[in-house]
Amino acid sequence: VPVTEHLGPTGLDADVAVEQLYAAHWRRLVRLSVLLVHDQAVAEDVVQDAFVAMHGKWSRLRDPDKALAYLRQAVVNRSRSALRHRVVVERHARSATVGDATVAGPSVGGARRDAVRSALLRLSDRQREVLVLRHYLDWSEAQIADALGISPGAVKTHAQRGSAALRELLGEWWEDES
Amino acid sequence: MSERITDLLHEAADGVEPGDRLDAIRAATARTRRTGPGWWAAGGVGLVAASVVVALVLGTGGSPRVAGPDPADSPSPSPTATDPVPAPTVHPVPSESADGAATAVYYVGETPDGPRLFREFRWIQAPDRFSAAIDALESDPTDPDYRTYWHRAVDDVSFDGVGADGLIQVRLVDGSFRSRPAGMDEVTAWIAVQQVIYTLQAVVQARAPVQFLSAGGPVDQVLGVATSEPLAAGEVLETLAHVSISDPLEGQVVDNDEPFTVRGVGNSFEGNIVTRIERLSGVVEVVAEEPAIAGTYEDRLFPFEVTFDLTTVPPGDYLVISRTDDPTGAERFHVDDRRITIVD
């Protein structure tokens, strides 16, 4: 179906917008969320929900750029709440079952990847978000400040403290550049 | 150091190959295809027969409350509909109790007319009535559609005098809020300053002017907005969103056995505010829709209230959406929404 058939006076149709944005950004948005929530299945849920929400708000967005901005914001916000929810669930699980939990270890090749994702989880929400937006999405401090609703000065502070903490947490993974 | 983090994050993320969720997303959005954007144009036509409509028009005196939660066990302040609202103010009279009172905190959100203020309610405890409001102003709003510009911004607030004769003084943390940050336009900066003014005026329940201070005294500008003199609140219809939901709260759990009342304030063409409930998570569908009469013309927001019967609505996550009317057909609606969870 030619895209133009969906162009009405208000621009793209919501369904077409979802398909186009999915094709262009699904993978990258899931990866963004993985850095924020650690777990891939949770990240996919988060981004799927963000797309569904974006579809519902299309009449207000009406523009692929705005929709992408909305998606990124939704992924950051929803990742934060998914993480909080999961922390609560995991805390419950830990206190409910004593000693019988087994956690699959990372493969040797993925060990550094896993170390990085785990280290990210131990940062504060803001430090993690600032580092990921700055270094994974390559956003400017002003863009991050706007997206997170914090001042550019606060972005700088979180970035500095987050970087230092990450370096500390990663130890030899940080030093070994192989 | 910076490059090392970039490399590590890309290595950690770029190995991830996401599964395909396009079909799941299509399924979840499929139902809206049938109703489409037409709802916005269709106005207040009820799609599902649903219950009582209570229209509150200010000035009729009464606030017929259909079914409200017991204030003792409900977190919802619902001050606009339960209390008579003094005409000249947009601020709701807080519902008071022994532990404190609810106050409105204003956050920035988007409307077709640019950024405007929306409000959420917070519980404030005596004796320090400012600290909870400042805490709220400095932290993220409950509703992810809103934002605040005042993280770690305010050192101290004081209010001297009585009512509008008093002066609210706000001392900011340091000079970092003086100039307008890159990427923030003038309108947004002005709205952000109004965010502080409206929130603090709500706390003191008076339209008292606000003086911004730094350590040394009055500060000449905040976010690039001139602040040498005390500032007044902007005109309501130029500053606030034209619809703002008070009840339910974001994320509220609602029992479908109880009549469900949506309350808020608005100003709309012919007073029409339309509220609908949409199902989320899985299938998006409209389960109920009701019009209400708020008000129009004057420079203020009028309370509105609608009640839904949810007894046939299955448990799940829903979106409550209230919007203004637009007689021009250009669909320039002001909209506010809340996510709720309906339970049996």
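Predicted model: local features only at pLDDT ≥ 70, side-chain atom pairs only at ≥ 80, totals over all residues.

Q: Is B:Thr275 buried or exposed?
A: B:Thr275 is buried, because its relative accessible area is 0% and the cut-off for buried is under 20%.

Q: What does its side chain make a polar contact with?
A: The side chain of B:Ser322 is the partner, at 2.8 Å from that of B:Thr275.

Q: And which strand does B:Thr275 lie in?
A: Strand S13 of chain B, which covers residues 272–279.

Q: OK, other strands. How do S16(B) and S17(B) run?
A: Strand S16 (residues 316–324) of chain B and S17(B) run antiparallel, joined by eight bridges. Within that pairing, B:Asp317 has B:Thr341 as its bridge partner in S17(B).

Q: In what sense do S11(B) and S17(B) pair?
A: Parallel, over four bridges; strand S11 of chain B is residues 252–255.

Q: Which strands form the open sheet in chain B?
A: Four strands of chain B, in the order S4-S5-S6-S7, with mixed pairing.

Q: Why is one side of S4 and of S7 left without a neighbour?
A: Strand S4 (154–160) and strand S7 (217–218) of chain B stand at the edges, and each has a single partner strand, so one side of each has no neighbour in the sheet.

Q: And S5 with S6, how many bridges?
A: Four, between strand S5 (residues 167–172) and strand S6 (residues 210–214) of chain B, and these two run parallel. B:Ile168 is opposite B:Val210 in S6(B).

Q: Switching to B:Leu231. Where is its place?
A: In a loop of chain B, between strand S9 (225–226) and helix H7 (236–239).

Q: Buried or exposed?
A: B:Leu231 counts as buried because its relative accessible area, 18%, falls under the 20% cut-off.

Q: What is B:Leu231 in contact with?
A: Leaving aside neighbours within four places in sequence, the contacts of B:Leu231 are B:Val193, B:Ile197, B:Pro209, B:Val210, B:Phe212 and B:Ala226. B:Ile197 is 34 residues from B:Leu231 in sequence, and their C-alpha atoms are 7.9 Å apart in space.

Q: Last topic, the two chains. How many residues are in contact?
A: 44 residues of chain B are in contact with 53 of chain A. The area buried between the chains is about 4400 Å², and carbon and sulfur atoms give 56% of that.

Q: Which three residues of chain B supply more of its buried area than any other three?
A: B:Arg4, B:Leu9 and B:Arg21, which supply 16% of the area chain B buries against chain A.

Q: How many salt bridges across the interface?
A: The rule finds nine. One of the salt bridges is between the side chains of B:Asp14 and A:Arg31, at 3.7 Å from N to O.

Q: Which elements of chain B give two or more residues to that side?
A: Helix H1 (2–14), helix H2 (22–35) and strand S17 (335–343) of chain B. H1(B) gives the most, with 11 residues. By class, the side of chain B that touches chain A has 21 nonpolar, eight polar and 15 charged residues.

How values were computed:
Residues numbered from 1 in each chain as written. Chains lettered and ligands numbered in written order. Heavy atoms only, no water. Contact = heavy atoms within 4.5 Å. Buried area = accessible area lost by both parts, 1.4 Å probe. Salt bridge = Lys/Arg side-chain N within 4 Å of Asp/Glu carboxyl O. Nonpolar A, V, L, I, M, F, W, Y, C, P; charged D, E, K, R; others polar. Buried < 20%, exposed > 50% of the residue type's maximum accessible area, 1.4 Å probe, protein only. Polar contact = N/O pair within 3.5 Å; in protein donor to acceptor, adjacent residues only side chain to side chain. Pairing = 2+ DSSP bridges.
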